[in-house]
Amino acid sequence: MNTRNSQKTKSGYVALFGRPNVGKSTLLNYLLRQKISITSRKPQTTRVNLLGIDTQDTHQAIYVDTPGIIKKTRNTLNRFMVDNAKSLLGDVDLAVLLIEAGKFTEADEHVVSLLKDRPGKTICALTKIDLMKKKTELLPEIEKLGSLDLFEEIVPISALKKDGINEFRNVVFKLLPEGNHLFEENQITDKSEQFIAGELIREKVMRQLGDELPHSAAVSIESFAELDRLTEIRACIHVERESQKKIVIGAKGLRLKRIGSDARRDIEILLDRKVMLRLWVKVDKGWTNQTVGLHRLGYR
């Protein structure tokens, strides 16, 4: 007997909300068993809502990784990212609030206040439990979050240690509404390989130069050619000032070479083939504070 035909299918959109750096992108990558969302220690590494599709038998959870929500925005790019996340509050079947275990802050309170006003179900993922010095503190924290009368379930997890991931997935599957699957069984994202390749390059810039230019860099893919034996990619790293361009290139071009080398390895894993990656750096003055600049670089 075909299991899919004998059971009702369930499918729905599940948005991951939270302040910056609570582990939304890391959780998504572990749920999908593949890296599609970039990560770094810098806040708001994720800039656009990114779909990740987890299909198992009759269940299909369509996760949306959102930018970290902050109360006060500094520039047009910050407002774009926060508005991008908040636009989903009323448009998903299930909301997931991620809170770092033992570190409930005013920023978390702000996200909670936004979720209280939305329709539909909400659950909480208590993240990074492996970093808690005293596991005995976990229970009172769960009780405190439960007193908010907001969550259907509260699930402690550690994505890096793979603790609680299956439990979290099962809770999500349980709460999905009945409905036909919206994506093919083997599809894991709505984004193109070109988009993810650009994000992987930006991740290396963020990880290596986060202190010098935390949010001043963007990446555009200028060409993406699949040749017989390899894929040739030409990409541009955009910065706001000449001084930032010098930082990205580095002495004798060594920093740019390292960024390219690290990114190429991850892109080869993504594409499962050899990659020739050519990078250059361009100054796009004030792009983070100009709507036109954001649109030109793909942030709409």
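Residues are classed here as nonpolar (Ala, Val, Leu, Ile, Met, Phe, Trp, Tyr, Cys and Pro), charged (Asp, Glu, Lys and Arg) or polar (the others, Gly among them). The model is predicted: local features need pLDDT of at least 70, side-chain atom pairs count only at pLDDT 80 or more, and totals for chains, interfaces and linings use all residues. Numbering starts from 1 along each chain as its sequence is written, and side-chain values use heavy atoms, with hydrogens and water left out.

Helices (H or I, at least four residues) and strands (E, at least two) are DSSP runs, numbered from the N terminus. Two strands pair if DSSP finds at least two bridges between them. Axes are lines fitted to C-alpha atoms, for helices over the stretch in contact, and angles run from 0 to 180 degrees between N-to-C directions. Strand E1 (residues 10-17) pairs with strand E4 (residues 94-100) in the parallel sense, over four bridges. Leu94 in E4 is the bridge partner of Val14.

Strand E8 (residues 231-239) runs parallel to E9, joined by nine bridges. Val239 stands opposite Val283 in E9. Contact means heavy atoms within 4.5 Å.

H9 (residues 254-271) packs against helix H8 (residues 242-249) at an angle of about 65°, with axes 5 Å apart. H8 contributes Ile247, Val248 and Ile249 to this contact, and H9 contributes Leu254, Arg255, Leu256 and Ile259. Six of these residues are nonpolar, none polar and one charged.

A cavity is a set of points where a 1.4 Å probe fits but cannot get out; a pocket is an open set with protein on both sides within 12 Å along at least five of seven lines; lining residues have an atom within 4 Å of a point. Grid points are joined across faces, edges and corners, and a volume is the space filled by probe spheres set on the points.

The largest pocket holds about 670 Å³. Its lining has 30 residues, with Gly23, Thr26, Thr39, Ser40 and Lys128 nearest the centre. H2 (residues 24-32) gives the most, six residues. The lining comprises nine nonpolar, 14 polar and seven charged residues.

The second largest pocket holds about 200 Å³. Phe195, Glu199, Val219, Leu297 and Tyr299 are the closest to its centre among 13 lining residues. H7 supplies the largest share, five residues. This lining divides into six nonpolar, four polar and three charged residues.

One cavity of 30 Å³ or more is present. The largest cavity has a volume of about 40 Å³. Phe195 and Glu199 are among its lining residues, as are Arg47 and Leu50.
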